[in-house]
Every structure is written in C-alpha cells, then in structure tokens.
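The sequence and the structure are displayed first, and the description follows.

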Amino acid sequence: MSNGLKGIILLGILVALASCGGNRSATVSDDGDTLRLKYAERLVIVRHDGYSEVTLRNPWKEGKVLHRYLLVPHDAVPPHHNEQGATVVRVPLRRAVVFTTVHTSLLLTFGQKENIAGVADLKYIKIPWIHEQVGQGRIVDCGDGLSPMVEKIIDANADAILLSPFENNGGYGRLEDVDIPLIECAEYMETSPLGRAEWIRFYGMLFGCEQKADSLFAVVDSCYQALSALAKDAPEAPTVLMDKQTGSVWYVPGGRSTIGQMLSDARGDYPFANDTRSGSLPLSFEAVFEQAGQSDVWLFRYDSDHPLTMRELQSEQRGYSQLRPVREGHVYGCNVRTSLFYEQSPFRPDYLLQDFIHILHPGLPLPDTLRYYRRILTSS
C-alpha cells in the first residue's frame, strides 16, 4: 500500500475513533435516549433506565415492525409494561445457537467464541475451530437451519437463537414453541454496505461487548470512506457485469442492494443501477446480455474445490463466449468455498470494496493482492 493511502486510512481511523463517543451519543426524549445510527435504516435502538429497546423495521412491509426486543441485564427486573409484545432478552447472552456462518465469524471477531453453544448448517461453516468444538462435543450440531433439531437446541441450554429471516417464511415452526428468544438477523436487507455493517453495534449490545463493536465499526467506516474517496479520483468508471447464470436464471444484484451501492462507491458503472430493488433481480441470459454484455469487467462468485478456468466457465453456458469481458480476458471469480467472502465481507465491506477498486482501477495505489477475487485464466 502506498504511503499516501496509508495516511488517508490512518487519518480516517484516528478521526473515527476520536469521535466514537459522538457516534454513541443519544437524542434525549421523553421515551428514552435514541442511539444515533449513521447508516442503518432498519434498526432503531432506544436506551431506557435499566434496559434498551431495539426495533427491527420490516424490510418487506414498509412501515411495519419485524420484531421488537427489550434487552434487560440478568440482574435487572424487566419493565412492568410491555404492551407492544416485545421479546425480553437477557443480556449479555451467554449460550447462543447461531444459524449462520457470518454471525459465527463475527462472534469470533468479538472474542465471544465461548458463548457459541450450538450451530446450524455446520456444512456451510468454514471455521476449523467450530468443527473441532463440535467434534469434541463442546458445541452442539443442531442440524439443518430450515428444520433444526429443537431438542438439541434445548439440550444446549441456549439463551437465544440467532437466525436470518426471509420474506413469507411462514414462521419458525417448533422454534416458536420453546421459551428461547429468536434474534432475527435482518441486516442483509439493508440498502447500503455500511448500513449492514452498522448492525455490529446491535450484536455488540447482545453479547456485552458494545465498546469493542463500536470501535470495530468506526474502523470499518473510516477505511470504507477512505477507499471510496480514493476511487473518486479514478479517471473513468468501467462498466461491471455481476454474478452468473444459475440454471435458467441469472440473478443480478438490484440497484439498491449493498453490492449495487458498493459498485457505485468503487466508481463502477453498473448497468442495473437504476433498478429499485434491494435484493436480486432474476433475468434470462438474453436480458442480461442485451443490457450488460458489453461491460468492461465481469465479476462473479462460484463454489468449487479448485480454481475455475475459462474453459470450464464457457462450458457452463455457451453464450458466455459472446460477452465482451470474456473475449478480452477481464473476468474475475470469487471462490466462496476457499475464501472467507461470506464470513467477512458483510461486516467488513471495506475489504470487498478494496477488491472492487483494485480490479476496476488498477492504476490506483492499492496492495498488489486481491482478498476474494482472482482472475479467471484460460487453464489452471
């Protein structure tokens, strides 16, 4: 990394850390002190005397509440009035069952690995320590996330379950019948990378490491802003094609998705930027080719036990050979099986932004290596 960029990032970090207390300042009202969040739009945190109230805004129903929590210390009495049916969560959590690899990884980052009592979807968790602990019986394997073994969750003596909600899921079945709070981790529905990352502060409150979480987010914020400022100096904005066809459908990130925003922050020209969705946009190959087939660069994710070659890629879909980045050799793949893309990038969007900027603007002063993406070669 050049001395210039180091200076920018270091200055940003120092400023963010110096103002960290400002980020945590509250607006005083009759109903409590509302924590000021910089980017998160679907999270509201209000401090009251003896407890905190956390409201998750429903990402699929505008103006509705997805879930409301009252975070109450173990030695405190819950508020007498709970007319809105909020879920009482005793904090800090001591024995959590975690359904996702990204939140498992975050707890390790927080230094809270001893608070992981159980996991679901173990096959998707690429953290060796978790597998070792499961093998030794210290962490419970609770089975498939869509149909978990409730008895094992109960046997794990869990005081909360962290899982990701999705639209029209019809509830959580038997999990709703046990007396264990369900923490709905909906940060993935935020419309900005830093909005998603800011949920770190909520998870820090849950596990009693709020100061560490606030400091981590301050670093993420400052590094992301420094990188985005650097990208603005790039002379051009290359067009970017994202992801690839799955079956008969090509899912591209919506224009208001975190990836869509990140491409803009990397000074990339995203052909679907005007789309208003925050999720994925399902399209046919023909529709993608018409709108983005002449892009300068193609970036996609894949899952394989070896690096993908251009020959293998073109064998998946003969139409790929017609794409301009394929013809000109500007194709980059992220192997999610061998990288920590899913474990790191949701809460460290600065890591992914640096990869995007490195690929789109190779002339800018950045490290020579990529963290997640690799150029797809003609042969291995």
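The sections below describe strands, helices, single residues and cysteines in turn. The model is a predicted one.

Strand S3 covers residues 43-48 and pairs with S4 in the antiparallel sense over six bridges. Within this pairing, leucine 43 is placed opposite leucine 56 of S4. The two strands make a hairpin with two residues between them, and glycine 50 in the turn has a positive phi of about 95°. S4 also runs antiparallel to strand S5 (residues 65-73), to which six bridges join it. Here valine 54 is the residue that faces tyrosine 69 in S5. Because six of its seven residues are buried, S4 is largely enclosed by the rest of the structure.

Glutamate 53 belongs to strand S4, which spans residues 51-57. Its relative accessibility is 16%, so glutamate 53 counts as buried, the cut-off being under 20%. The side chain of glutamate 53 makes a polar contact of 3.3 Å with the side chain of histidine 48. When neighbours within four places in sequence are set aside, the residues in contact with glutamate 53 are Val44, Ile45, Val46, His48, Arg68, Tyr69, Leu70 and Gln84.

**The parallel sheet**

A second topic is an open sheet of five strands, paired in parallel and ordered S9-S8-S7-S10-S11. Its edge strands are S9 (140-141) and S11 (182-184), each of which pairs on one side only. Strand S7 (residues 96-98) is joined to strand S8 (residues 116-119) by three bridges in the parallel sense. In this pair, valine 97 lies opposite glycine 118 of S8. Helix H3, formed by residues 101-110, lies across S7 and S8 and runs at about 160° to S8.

Strand S10 (residues 160-163) contains leucine 163. Leucine 163 has a relative accessibility of 3% and therefore counts as buried. Apart from residues up to four places away in sequence, leucine 163 touches Phe99, Tyr172, Leu175, Leu182, Ile183, Glu184 and Cys185. Between the C-alpha atoms of leucine 163 and arginine 311 the separation is 38 Å, and these residues are 148 residues apart along the chain.

The loop between strand S6 (87-91) and S7 holds proline 92. The peptide bond leading from valine 91 to proline 92 is cis, with omega near 0°.

Two aspartates have a positive phi, although neither is a glycine. Aspartate 121 is located in the loop between S8 and helix H4 (128-135), whereas aspartate 243 is located in the loop between strand S12 (240-242) and strand S13 (245-246). Their values are set out in the table.

| Residue | Phi | Relative accessibility |
|---|---|---|
| Aspartate 121 | near 55° | 17% |
| Aspartate 243 | near 60° | 8% |

Aspartate 121 counts as buried at its 17%, and aspartate 243 is likewise buried at 8%.

**Helix H14**

H14 is mostly covered, with eleven of its twelve residues buried. Among them are Pro349, Asp350, Leu352, Phe356, His358 and Leu360. Glutamine 354 is another residue of helix H14, and with a relative accessibility of 18% glutamine 354 counts as buried. Neighbours within four places in sequence aside, glutamine 354 is in contact with Leu227, Leu366 and Pro367.

**Cysteines**

How many disulfides does a search of the whole structure find? The search finds zero. A disulfide is a covalent bond between the sulfur atoms of two cysteines. Cysteine 209 has a relative accessible area of 8% and is therefore buried. Cysteine 334 also counts as buried, because its relative accessibility is 0%.

Technical notes:
Residues are numbered from 1 along each chain as its sequence is written. This is a predicted model: local features need pLDDT of at least 70, side-chain atom pairs count only at pLDDT 80 or more; totals for chains, interfaces and linings use all residues. Side-chain values use heavy atoms; hydrogens and water are left out. Two strands pair if DSSP finds at least two bridges between them. Helices (H or I, at least four residues) and strands (E, at least two) are DSSP runs, numbered from the N terminus. Contact means heavy atoms within 4.5 Å. Axes are lines fitted to C-alpha atoms, for helices over the stretch in contact, and angles run from 0 to 180 degrees between N-to-C directions. A disulfide is a pair of cysteine sulfur atoms within 2.5 Å. Buried means under 20% relative accessible area, exposed over 50%, partly exposed in between (1.4 Å probe, protein chains only). A polar contact is a pair of N or O atoms within 3.5 Å; within protein, one must be able to donate a hydrogen and the other to accept it, and residues adjacent in sequence count only if both atoms are side-chain atoms.
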